Amino acid sequence: MIDAVITWVDGNDSEHKRKRKLFLDAEKVGDPEAIAATRFSSNGELPYCIRLIRKNAPWINNIYLITDAQCPSWLDEGQKAKLGVTVVDHKKIFRGYEEVLPTFNSLAIETIMYRIPDLSDRFIYFNDDVFIIKPVLETDYFLGSVPLIRGFSFSKNKLLRELHRLIKPKSFRMKGVVGTGYRQEDGLNLAQKVKIFHTPHPINRQDYADLMEGNNRLERNIRSKFRNSSQFGPVPLYTSAGLDSGRVRIVPRDDLYLDPKIEETIDRTVINSKASAHGIRHMCVQSLDNFGVESQRNIYELLDRLIAT
């Protein structure tokens, strides 16, 4: 049995905006990207994310939606039952750590997400802007209990990294990469580090829990209200640690990544062609609200077509 976990927030909700401002005024935030409005925006991606899971991965059992005292207006009780969605409030997964709430920190939420009640031993983690755009199988994400994570590894040695960059420069200039997001002080003597792509991330719940609860990692990583440079990225760290122990495998990317910083204009014909390309099974639309009006329209049309066909 495999469940899906999705994190979601509606940053335009008046109560959420009030809380965010209250704690933003009280906490010094050094990274402007940690408080950028686009990080909390909801642009209608969630229903596509959920419906494409149900269309293209019907073998997924429960879908857990992690929120902060919120629920999308379209996700009424009837839709929850139809789509197999359970809304999980932050208070449930942060039980015992209620003093850190509210949190506006996606890394903190990722650190503790494995504590969802009744979550399956194997689960797949999604951001709400990540989509399964073609039919997939369980074996695309797990080999038995071993997660298959899209990414690439590299040496910790700076000289070897530079040599690798010179030999294969494109591998270090890939768009759509999630940074390593961790440092030596996390108490692991890793042979190599991993960068992962913006795709669904399969996870073994017990291995993830053991890592997060070791070396005081969970307590350290959930304290800040907003993301900051002292934190580690839970999924990249889990991937690197698992790769070292043979409990995680790295597989090639199979995604289309759209980012307004890289592609300011999204042509309808071009993205339809890219999404249809052989081997492309996932798509991420980063910061949809930062695309131009025409580009947004083309992206929504593509998502509508992917659901309908």
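Which residues do ring pairs link into a cluster? In this predicted model, the cluster consists of Tyr114, Phe123, Tyr208 and Tyr238, joined by ring pairs.

**Aromatic pairs**

The structure holds eight aromatic pairs. A pair of aromatic rings is described by the distance of the centres and the angle of the planes. Two of the pairs are set out below.

| Pair | Centre distance | Plane angle | Class |
|---|---|---|---|
| Tyr48 and Tyr300 | 6.4 Å | 35° | tilted |
| Phe152 and Phe197 | 6.0 Å | 45° | tilted |

The rings of Tyr48 and Tyr300 have planes at 35°, so this pair is classed as tilted. Tyr48 belongs to helix α2 (residues 45–56) and Tyr300 to helix α11 (residues 293–308); the pair thus links distant parts of the chain, 252 residues apart. Tyr48 has a relative accessible area of 13% and is buried, because buried means under 20%. Tyr300, at 24% relative accessibility, counts as partly exposed.

For Phe152 and Phe197 the planes stand at 45°, so this pair is likewise tilted.

**Charges over rings**

Arg122 is placed over the face of Phe142, at 5.2 Å from the ring centre. Lys225 lies over the face of Phe23, where the distance from the ring centre is 4.6 Å.

Key
Residues are numbered from 1 along each chain as its sequence is written. This is a predicted model: local features need pLDDT of at least 70, side-chain atom pairs count only at pLDDT 80 or more; totals for chains, interfaces and linings use all residues. Side-chain values use heavy atoms; hydrogens and water are left out. Rings of Phe, Tyr and Trp (its six-membered ring) pair if their centres lie within 6.5 Å; planes under 30 degrees apart count as stacked, over 60 as edge-to-face and the rest as tilted. Helices (H or I, at least four residues) and strands (E, at least two) are DSSP runs, numbered from the N terminus. Buried means under 20% relative accessible area, exposed over 50%, partly exposed in between (1.4 Å probe, protein chains only). A charge sits over a ring if NZ of Lys or CZ of Arg is within 6 Å of the ring centre and within 35 degrees of the ring normal.
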